[in-house]
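Biologist: Could you take me through one part of this model at close range? I'd enjoy a look at a single side chain and what lies around it.

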Amino acid sequence: MNILITGSNGFIASKFAEFAKGGEINVFGIGRKRKNNYSKDYIKNIKGSLNYNTLKRFKEKFDYIYHCAGSGVVNNKKKDAINISSSENLL
């Protein structure tokens with residue numbers, strides 16, 4: 001089984017990848033930031049924004065996509081717009 005985790009370098013996504021990896025689950029990630037060393041739990045972790053061009057860099061087919069991308073900033077209209085557009089791009 002192949003899964004893709006968006007927001008792969010965030011805390012929740014990285015902990016989920018750590019939990020899910022191994023066995024028959026292949027974990028792939030996509031995320032904008034690389035401020036940490038969470039990428040060790042992914043078979044492939046692409047750095048980039050969540051859009052069609054970045055998504056098509058994966059050759060794999062995914063059984064599930066876990067959308068963990070977003071901002072942790074509250075009451076910031078600009079960050080809310082980014083969260084909405086990344087969800088639209090994923091769909």
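Modeller: Happy to! Let's start with the side chain of aspartate 41, which makes a polar contact with the side chain of lysine 21 at 2.8 Å. Bear in mind that this is a predicted model. Aspartate 41 sits in the loop that runs between strand S2 (26-31) and strand S3 (44-47). Although it is a loop residue, aspartate 41 counts as buried because its relative accessible area is 6%, and the cut-off for buried is under 20%. Setting aside neighbours within four places in sequence, aspartate 41 is in contact with Ser14, Ala17, Glu18, Lys21 and Val27.

Two of those names, Ala17 and Val27, turn up again in the largest nonpolar core, whose seven residues are Ile3, Ile5, Ala13, Ala17, Ala20, Val27 and Tyr42. Strand S1 (2-6) and helix H1 (11-20) each supply at least two residues of this core, and H1 gives the most, with three.

For a contrast with the buried aspartate 41, look at tyrosine 66 in strand S4 (residues 64-67). Tyrosine 66 is classed as partly exposed because its relative accessible area is 33%, which falls between the 20% and 50% cut-offs. Together with Met1 and Tyr64, Tyr66 makes a nonpolar surface patch of about 310 Å².

Definitions and conventions. Residues numbered from 1 in each chain as written. Predicted model: local features only at pLDDT ≥ 70, side-chain atom pairs only at ≥ 80, totals over all residues. Heavy atoms only, no water. Helix = DSSP H or I, 4+ residues; strand = E, 2+ residues; numbered from the N terminus. Buried < 20%, exposed > 50% of the residue type's maximum accessible area, 1.4 Å probe, protein only. Polar contact = N/O pair within 3.5 Å; in protein donor to acceptor, adjacent residues only side chain to side chain. Contact = heavy atoms within 4.5 Å. Core = buried A, V, L, I, M, F, W, Y, C linked by side-chain atoms within 4.5 Å. Patch = residues over 30% accessible without salt bridge, like charges linked within 9 Å, V, L, I, M, F, W, Y side chains within 5 Å. Areas by Shrake-Rupley, 256 points an atom, 1.4 Å probe, with all protein chains shown as cover. Salt bridge = Lys/Arg side-chain N within 4 Å of Asp/Glu carboxyl O.
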